[in-house]
Amino acid sequence: MSKEMAPPPSSFGKGQRGKPVVKPKDMKGTLRRLWELTQGQRQGLGWLMLLSAVASASTILSPLLIGTAVTAIDTGNPALQLLILLAALYLTDWLVRFLQQFFMAAIGQRIILHIRSTLFEKMKALPLSFFDSRQHGELMSRLTNDVDNISTTISDSLTQLMTYGFTIIGILCIMLRLSLPLTCIAFISVWLIFLLTRTITKHTRKLFAQQQQILGKLNGQVEESISGLNMVKAFGREAEMTEQFEESNARLCQVATKAQIWSGFLMPLTNVINNLNFVIVAVVSGILAAYGRISVGLISSFLLYSRQFSRPFVDIANIYNNFQTAVAGAERIFEILEEEPEPADAPDALPLTAPRGEVEFSHVTFGYQAQEPVLKDVSFRVPAGTRVAVVGSTGAGKTTLINLLTRFYDVNSGSILLDGRDLRQYRLQDLRRTFGVVLQDTALFGMSVRDNISYGNKDVLPERIRAAAKTAGADSFIRRLPQGYDTPIGENGAKLSGGERQRISIARALLKNAPIVLLDEATASLDVENETKVQGALSRLLAGKTVLVIAHRMRTVAGADHIVVLENGRVAEQGTPAELMEKGGLYRRMVELQSHSAQWQLNGNE
Ligand code: M5T
Ligand code: MG
């Protein structure tokens with residue numbers, strides 16, 4: 001995005017004039033933290049500093065040498081030595097600038113490498129609740145755009161700032177030595193240029209900020225139109241879509257034009273001031289020379305210096321803007337780094353090698369937002385090796401039970417016990433290894449079928465993958481795919497049907513061969529015939545394991561040892577299927593309702 005944002009190249013160094021400036025909240029603190037990140041690169045930075053000093057020295061010395069040479073020639077002395085020295089100086093200048101670039105690229109990229117990996121590590125360690133409340137696109141932009149911004153801006157600006165710092169001080173000293181009155185004149189024009197630059201960039205900054213905002217909106221529209229294109233077409237909204245796009249597009253054109261015109265003003269104006277300065281200095285020094293106060297050589301040196309003196313000021317005003325934007329980006333990155341990670345295991349956390357698989361929810365209360373409980377005082381027990389089904393209307397909190405068991409979230413009060421101990425006492429990694437999970441929203445990866453089932457585990461034998469796929473009822477359709485088990489399935493399995501995706505994720509869970517299996521609507525996308533087959537195979541294979549099944553279809557839960565009926569986050573009733581049928585409560589009503597509607601559908605089809 002930053003690339004599209006760059007206004008046309010100006011002749012003032014590499015700065016991007018008028019780029020929207022987002023003011024950092026705590027400039028000092030952020031700079032300190034950025035400085036901490038340069039640890040390990042300090043030696044390189046030292047070299048860079050040295051190189052900058054040499055580069056500015058050569059910039060500063062050359063006009064002085066030229067002046068001396070001019071004076072020498074003016075007074076009839078040969079100046080060959082001086083000219084050779086000058087050539088050597090230019091050569092050094094070139095070499096030093098090359099080395100500067102080399103060091104800065106190496107240092108800058110290494111720092112960025114470090115920031116990017118730290119950020120990625122952090123994202124992995126953050127609890128799921130962190131991602132619930134944030135836009136994923138925005139987080140991704142921090143990982144890429146903000147980091148990019150820091151890299152380009154700081155690496156560009158840092159060398160420039162170092163060099164300019166030395167240059168300004170050096171030139172000022174020399175100019176003062178050469179002539180105080182001329183320095184005063186030069187200073188006035190520099191001051192004018194600085195003021196002008198500041199005023200104009202303030203204005204263009206706003207315009208470019210506006211431009212970026214519109215561009216963001218435009219990007220969003222394009223993204224939405226592409227991802228939702230089937231819906232756009234299905235609802236016949238193409239005309240509206242185009243209209244919205246055209247509107248933003250036209251506004252972008254308008255604002256971008258304005259911004260560029262304004263930023264284009266600056267260069268000619270500073271040139272005029274610079275030239276005026278040149279004329280005034282030339283006239284005044286001419287008069288001074290006529291009175292014999294200064295030499296001709298001094299005039300030529302001074303004129304060159306006064307030109308060199310004004311350049312850094314224009315650039316610095318510009319660099320400072322970019323710098324602010326980069327620091328603001330760094331702040332957004334540090335914000336993520338400061339987030340609380342998933343709580344680490346207690347030092348005395350227990351290993352979990354061969355669990356029996358007894359699960360108990362004991363007075364569990366939990367809400368994704370603490371003030372809005374989703375589960376309220378939920379208690380039930382799943383004896384080791386049994387099959388428990390959880391049923392209940394949509395939104396009752398069934399999936400939430402799984403989120404708590406796998407410790408994606410932790411309970412607010414009460415506790416969940418595994419083999420009689422609170423989940424939080426076990427090592428998190430061991431705990432998660434205990435569960436084979438099929439989630440309600442199947443999550444697959446853009447790899448081959450084989451890699452999805454083995455989930456990237458290269459050691460798994462092909463026969464075991466086949467066997468798992470067979471049990472999940474997936475083998476036959478997989479073999480019909482163009483490359484069989486090696487067919488890539490597209491992002492999140494986009495090339496498969498819903499039921500095919502589900503069967504692959506069941507195979508994946510089976511292959512894990514975990515002692516406890518959690519199935520959340522695992523066969524909900526299958527037709528009744530296939531579902532019955534897969535469920536039959538599953539119950540044979542999972543015999544002896546602890547299984548928690550969540551299902552809407554009553555026939556899938558009828559074979560369970562124990563049924564828990566959830567209603568609005570509370571356990572409404574529980575017991576064996578027979579007990580609940582006899583009781584004539586919610587469960588019985590659900591069973592009857594479904595067999596009724598099944599009957600009704602059958603009749604309707606006849
Ligand atoms: C129960 C809310 C959801 C609902 C309640 C997963 C999730 C759920 N909720 C959140 O606020 N954040 C979340 O990340 O919790 O949701 P559930 O447990 O997913 O319900 P379910 O599985 O019984 O429903 P369903 O439709 O899958 O049968 O109020 O808003
Ligand atoms: Mg659910």
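Tutor: Let's settle a term: on a 1 Å grid over the protein atoms alone, a cavity is a set of points where a 1.4 Å probe fits but cannot get out. Keep in mind that this is a predicted model. By that definition, the structure holds 3 cavities of 30 Å³ or more.

Start with the largest cavity, which has about 70 Å³ of space. Its lining is made up of 13 residues, and those nearest the centre are Glu521, Ala522, Thr523, Glu531 and Ala551. Helix 17 (528-541) and strand 8 (546-550) each put at least two residues into that lining. Sorted by class, the lining of the largest cavity comes out as 6 nonpolar, 4 polar and 3 charged residues.

The second largest cavity comes in at about 60 Å³. Around it you'll find Leu404, Arg407, Tyr409, Asp410, Val411, Ile416, Asp422, Leu423 and Arg424. This lining has 5 nonpolar and 4 charged residues, with no polar ones.

Strand 4 (residues 413-418) and strand 5 are antiparallel and share 2 bridges. Both belong to an open sheet of 4 strands with antiparallel pairing, in the order 2-1-4-5.

Now for the open space. The largest pocket holds about 1600 Å³. It is lined by 39 residues, and Phe408, Arg432, Leu439, Phe445 and Tyr455 are the closest to its centre. Elements giving two or more residues to this lining are helix 5 (128-132), helix 12 (428-433), strand 6 (435-438), helix 13 (449-454) and helix 16 (498-512). Helix 16 gives the most, with 5 residues. By class, the pocket lining splits into 20 nonpolar, 8 polar and 11 charged residues.

On to ligand 1. The residues around ligand 1 include Gly395, Ala396, Gly397, Lys398, Thr399 and Thr400, and also Tyr368, Gln440 and His552. By class, the shell has 3 nonpolar, 8 polar and 1 charged residue. For the contacts themselves, look at the ligand's oxygen atoms. One oxygen atom lies 2.5 Å from a polar side-chain atom of Thr400, and an oxygen atom is 2.6 Å from an N or O atom in the side chain of Thr399. Ala396 takes part through its backbone, with an N or O atom 3.2 Å from an oxygen atom of ligand 1. On its own, ligand 1 has 620 Å² of accessible area, and the protein covers 64% of this.

Last stop, another set of strands. Strand 3 (residues 387-392) runs parallel to strand 9 (residues 562-567), and 5 bridges join them. Gly392 has Leu566 of strand 9 as its bridge partner. Strand 9 also pairs with strand 10 (residues 570-575), this time in the antiparallel sense, over 5 bridges. Within that pairing, Val564 stands opposite Gln574. The hairpin of strand 9 and strand 10 has 2 residues between the strands, and Asn568 takes a positive phi near 50 degrees there.

Terms used:
Residues are numbered from 1 along each chain as its sequence is written. Chains are lettered from A and ligands numbered from 1 in the order in which they are written. This is a predicted model: local features need pLDDT of at least 70, side-chain atom pairs count only at pLDDT 80 or more; totals for chains, interfaces and linings use all residues. Side-chain values use heavy atoms; hydrogens and water are left out. On a 1 Å grid over the protein atoms alone, a cavity is a set of points where a 1.4 Å probe fits but cannot get out, and a pocket is an open set with protein on both sides within 12 Å along at least five of seven lines; lining residues have an atom within 4 Å of a point. Grid points are joined across faces, edges and corners, and a volume is the space filled by probe spheres set on the points. Ala, Val, Leu, Ile, Met, Phe, Trp, Tyr, Cys and Pro count as nonpolar, Asp, Glu, Lys and Arg as charged, and the others, Gly among them, as polar. A residue is near a molecule or strand if one of its heavy atoms lies within 4 Å of it. A polar contact is a pair of N or O atoms within 3.5 Å; within protein, one must be able to donate a hydrogen and the other to accept it, and residues adjacent in sequence count only if both atoms are side-chain atoms. Accessible areas come from the Shrake-Rupley method with a 1.4 Å probe; for residues, only the protein chains shown count as cover. Two strands pair if DSSP finds at least two bridges between them.
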